[in-house]
Amino acid sequence: MAVKVYGAATSTATVRVLLCLEEMGAEYELVPIDFFTGEHKSPPHLARNPFGQMPAFEDGDLILFESRAISRYVLRKYKSSGPDLLRDGSLEESAMVDVWLEVEAQQYDKAISSIYIETVIKPVFFGGVTDEKVVAESVEKLGKVLDVYEARLSKSKYLAGDFLSFADLSHIPYTQHIIASPHASLFESRLHVKAWWESLASRPAYKKVTAGVPTSK
Amino acid sequence: MGVKVYGKPQAVCPQRVMHCLVEKGVSFEFVLVDIDAMEHKRAEYMEKHPFGQVPFIADGDFELFESRAIVRYFAAKYADRGPNLLGRTAEERAKVEQWLDVEAITYSPCAFPIVFNLFLFPIRGLPGNKGEAVAAMEKLDKILEVYEKQLARTKYLAGDEFTLADLTHIPVTRYLVEHCGLAYLLDDKPHVKAWWEAVSSRPAWKKVMSFVASGASFYAP
């Protein structure tokens, strides 16, 4: 039976889960949830995601929310049919994956999401005005985070080590929007970060999932 | 060799790590990093932790940062002893990951501004932003309503056993309840209240509190 993802291709968290499903060649159904009609706050969706967010996930009786938790479940469920992106077989490697996933969720996401929210979500989805001061602060913050990434990626091919992992892929959803914006220079000016991004963006799963995701360009 | 935990014992994130180690009966040395003197932002410390935060740990030669990565590591390394902190099936593990992420992304970003503005800044003679704290308290109340619904169905967040998902909530919640006067937020949420009483009275957590109060450097089970 195919698993179900309740969300939208425009929801970065939904894209995170779709990337993992595609990497593992899993059969799934994307059930669209309409942000503009507030469907994510409707009782049927709240029954799946009590915080009224996207995505939610269903595998038989199991219902999950939080895109990184869903992704980890998917990567484990289909582990025999795709790359080893969590490294559960090694205590130390899996710990490094967890470190950089935490960095993504705590340091990276906070800075990069602000840029996307101010420059795209607010004006396009809410008819609001971009707060340039917030953008400038977030760009500076992201720059500092990317300096750490540049140093890290000059020592190892990917974030958790010399192996690609979910920690790298988890960065894709917001990054693809920023790469398509004038702020791409943050990535292009840092050689190892640039090479790392190009490696991620060359993956078939990336191309397939992001083909359906509109960017600000 | 053994485990070294670097940080300040009163700080929330190092306390998560200490609690996990005590639950698993693992001894450790606590190495003080003087965050009040900004030691964690100095070049020497940032060689180890590129984001200049606490905790940082060394398990023999293996070094880690990010408290939630650290507790996952020790919970897996010592899966064969102490309570099962990661769930017993793939589905249970997924629920543990889910509520760990809720704590990291929804709960704590709301709780920390309350603790900073109502407790931490004032005790240092700095002005706390009361407006920011009040806004966060309103948000936290709504978040706790979701927790109430979950805890009416399961004894702990991820199921009927205590797991990492509960553990990572404890240190900051203690600050909210004991130092920010927010116990009342639990009064209309009987299941959250019962959950808080259960998790905060765990012998391992009480040992962490005693260890912190003692100012000791070495913990042995």
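The model is predicted, so to speak of local features a pLDDT of at least 70 is needed, side-chain atom pairs count only at pLDDT 80 or more, and totals for chains, interfaces and linings use all residues. Residues are numbered from 1 along each chain as its sequence is written, chains are lettered from A and ligands numbered from 1 in the order in which they are written, and side-chain values use heavy atoms, with hydrogens and water left out.

**Where the chains meet**

- Chain A and chain B bury about 2600 Å² between them, and carbon and sulfur atoms give 68% of that; buried area is the accessible area (1.4 Å probe) that two parts lose on being put together, summed over both.
- A:Phe51, A:Leu91 and A:Glu102 supply 22% of the area that chain A buries against chain B, more than any other three residues.
- Chain A brings 26 residues to the contact and chain B brings 30 residues, where contact means heavy atoms within 4.5 Å.
- Eight residue pairs, both at pLDDT 80 or more, are in polar contact between chain A and chain B. A polar contact is a pair of N or O atoms within 3.5 Å; within protein, one must be able to donate a hydrogen and the other to accept it, and residues adjacent in sequence count only if both atoms are side-chain atoms.
- On the side of chain A that touches chain B, β4 (62-65), α3 (67-77), α4 (91-126) and α5 (132-153) each supply at least two residues. Helices (H or I, at least four residues) and strands (E, at least two) are DSSP runs, numbered from the N terminus.
- Helix α4(A) gives the most to that side, with eleven residues.

**Salt bridges across the contact**

- Four salt bridges are counted between chain A and chain B, each a side-chain nitrogen of Lys or Arg within 4 Å of a carboxyl oxygen of Asp or Glu.
- B:Glu97 meets A:Arg76 in a salt bridge at 3.7 Å, N to O, and A:Arg72 in another at 3.4 Å.
- The second pair joins two chains, because A:Arg72 lies in helix α3 of chain A and B:Glu97 in helix α4 (residues 90-123) of chain B.
- A:Arg72 is buried at 3% relative accessibility, and B:Glu97 is buried at 1%; buried means under 20% relative accessible area, exposed over 50%, partly exposed in between (1.4 Å probe, protein chains only).
- A network of salt bridges links residues of both chains, including A:Arg72, A:Arg76, A:Glu102, B:Arg68 and B:Glu97.

**Salt bridges within chain A**

- Over all chains the count comes to 32 salt bridges.
- A:Arg68 and A:Asp109 form one at 3.5 Å, N to O. A:Arg68 lies in helix α3 and A:Asp109 in helix α4 of chain A, so the pair ties together parts that are 41 residues apart in sequence.
- A:Arg68 is buried at 7% relative accessibility, and A:Asp109 is buried at 16%.
- Beyond its neighbours within four places in sequence, A:Arg68 also contacts residues of chain B, B:Asp101 and B:Ile105.
- A:Glu198 and A:Lys194 form a salt bridge, their closest N and O atoms 3.9 Å apart; both lie in helix α9 (residues 191-201) of chain A, four residues apart, about one turn of the helix.

- A:Glu93 lies in helix α4 of chain A and is partly exposed at 27%.
- Not counting residues up to four places away in sequence, A:Glu93 touches A:Arg87 and A:Phe163.
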